[in-house]
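Subject: Structure handover

Hello,

Here is the structure I said I would pass on. My notes on what was found in it follow below.

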Amino acid sequence: MTERNNSAWSPSSRELERQGSRRAINRKQVIIAAVSSLLVLGTLALVLVTSPGWQSVKSTFFDIEYGKEVLPTVIKGLWINLQLTFMGGAAIGVIALGLALLRTTKSPTLTPFRFLATAYVDIFRGAPLILIILLVGFGVPALGLKGISSNVIFLGTVAVVLTYSAYVAEVIRSGILSIHPSQRAAARSLGLSSGQTMRYVVLPQAIRRVVPPLLNDFVSLLKDTGLVSILGVTDAVRAAQINAAVPLITRHMLWQQFYFYSSLFQ
Amino acid sequence: MSNVLELKNVRKSFGDELVLNDLSLVVPEHTATVLIGASGSGKSTLLRCVNLLETIDDGQIFLDGKEITDPLINVDDIRRKLGMVFQSFNLFPHKTVLENITLAPIKVQGKSAEEARIAAKALLSRFDLADKADQYPDRLSGGQQQRVAIIRSLAVNPRLLLLDEITSALDPVLVNEVLSIVRDLKGDGMTMVLATHEMGFATQVADEVCFLESGNILERGSAQAVLHNPTNPKTQEFLKRVHQAGRL
């Protein structure tokens, strides 16, 4: 083998010339980028600030004094938010994996569960998250069942988990289906059972492939757990007893959703 | 000498297309049977049927005298006795070479991780791949990948090895390194069924060569007889085309 050594090399004059030209081109591009950014962003800012309602919008939404005042509360809320995200995320992972496996299995014993999993995904993916939160948060305590927590944060999180599991299940399922059948054939021909093939060959590859869309879902989960706060701080049992406390809009949305499903399944 | 594999009047179709038509074949212990024939003649399907990756429409397949086409049989038990190597290698990309090889011994045969690792390393050294044990498949050349795939199928001590056009995806230099493994295995007395387009190689290892056409074996016999003095006009035609392509 010839020795591959770069240390003895010094660039030719032509190469030095080329490097000089590349640097010049780079400088020019940086200047163009800076000027055009300044122009575009400056114009946008100007349009915003000179708009007739800017002063009132600014004092309503972007009041810095108010921002300083609420900072501690926001941080406390954020902490709860993070806790809900991670606990909910773990539950979503487990349920979604179960749903995805059920939907991809060919086992005849699991046929009814496969149908149920499909129905579950279709229903929860089709419903607005806010409706599920209101329904679980106010509806479940109103049932008056014993042994079921009436903690609004818990119920709100359950609602988020129910909805997100449907989305995440589909992401995982798409990963499972993306693994080429030859991988399965190779595993089965080595004597691995279908369960072992899924566990050791298909799933590890499938999960790796769907990490980017799963991160998408994780980020929106982080934001959507904040919606749990619409259930308010009042005890949900009491809130449910007072009929008026259930927002009228919930009932309206529920029927809207029902009609939406009926039109889908026709 | 007992028969490891026996196919009796096997029939298989995909939709309207008849792929195996009343095909019978006997593979005695320690012999290599080579299947030749044009693409679509049913070679791969035959191997996949033996490995129970496809369900046959009629006929019977026996492994060591036991019918494996009985629907009540445990397919995983049968596949444990068969090694299969594919044209496209099909290594598990998320596992290292060593993990690829030890997966089945550990999970299927219940060997300890240590035991499986020692056995796998012995096989890797034997075929000059010891330094690749901790690499991932995508870091290997095609020839190396296919040799690992062969070792993976050997690691479960199969009774019968099924090789499905294992050199079709490789360039001529790599073909040779893969085929030398097969020659070694033949020397060990491994029973094999191979589908191949490498006629020269077929001459070297085959105890019997079968020419397949439209799902049936039109001509069978020693490599010398089938490849060099074919009697069936269709075999003659096929070999003439192979010859023209410079593959004989």
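Chain B is split by the domain assignment into domain 1 (3-81 + 159-244) and domain 2 (92-158). Please keep in mind that this is a predicted model. The C-alpha centres of domain 1 and domain 2 of chain B are 25 Å apart. Where these two domains of chain B meet, 12 residues of domain 1 are in contact with 11 residues of domain 2. On the domain 1 side of that contact, β7 (160-164) and α6 (172-188) of chain B each provide at least two residues. The largest share, four residues, is from α6(B). Sorted by class, this side of domain 1 of chain B has eight nonpolar and four charged residues, and no polar ones.

Next, the core. The largest nonpolar core contains 118 residues, and those with the most contacts inside it are V168(A), I172(A), L35(B), L162(B), A202(B) and V209(B). Helix α6 of chain A (residues 152-178) gives the largest share of this core, 15 residues. From chain B, domain 1 (3-81 + 159-244) and domain 2 (92-158) each contribute at least three residues to this core.

Leaving aside residues up to four places away in sequence, V209(B) touches V34(B), I36(B), A202(B), R220(B), G221(B), A223(B), V226(B) and L227(B).

The last item is one helix, α4 of chain B (residues 113-126).

Which residues of α4(B) are buried? They are A116(B), A120(B) and L124(B). The face of α4(B) turned away from the buried side carries exposed residues, namely E114(B), I118(B), A122(B) and S125(B). After α4(B) comes D128(B), which has a positive phi, near 60 degrees.

That is what I have for now.

Regards

Technical notes: Residues numbered from 1 in each chain as written. Chains lettered and ligands numbered in written order. Predicted model: local features only at pLDDT ≥ 70, side-chain atom pairs only at ≥ 80, totals over all residues. Core = buried A, V, L, I, M, F, W, Y, C linked by C-beta atoms within 7 Å. Buried ≥ 20, exposed ≤ 12 C-beta atoms within 10 Å, placed from the backbone. Domains from an automatic or database assignment. Contact = placed C-beta atoms within 7 Å. Nonpolar A, V, L, I, M, F, W, Y, C, P; charged D, E, K, R; others polar.
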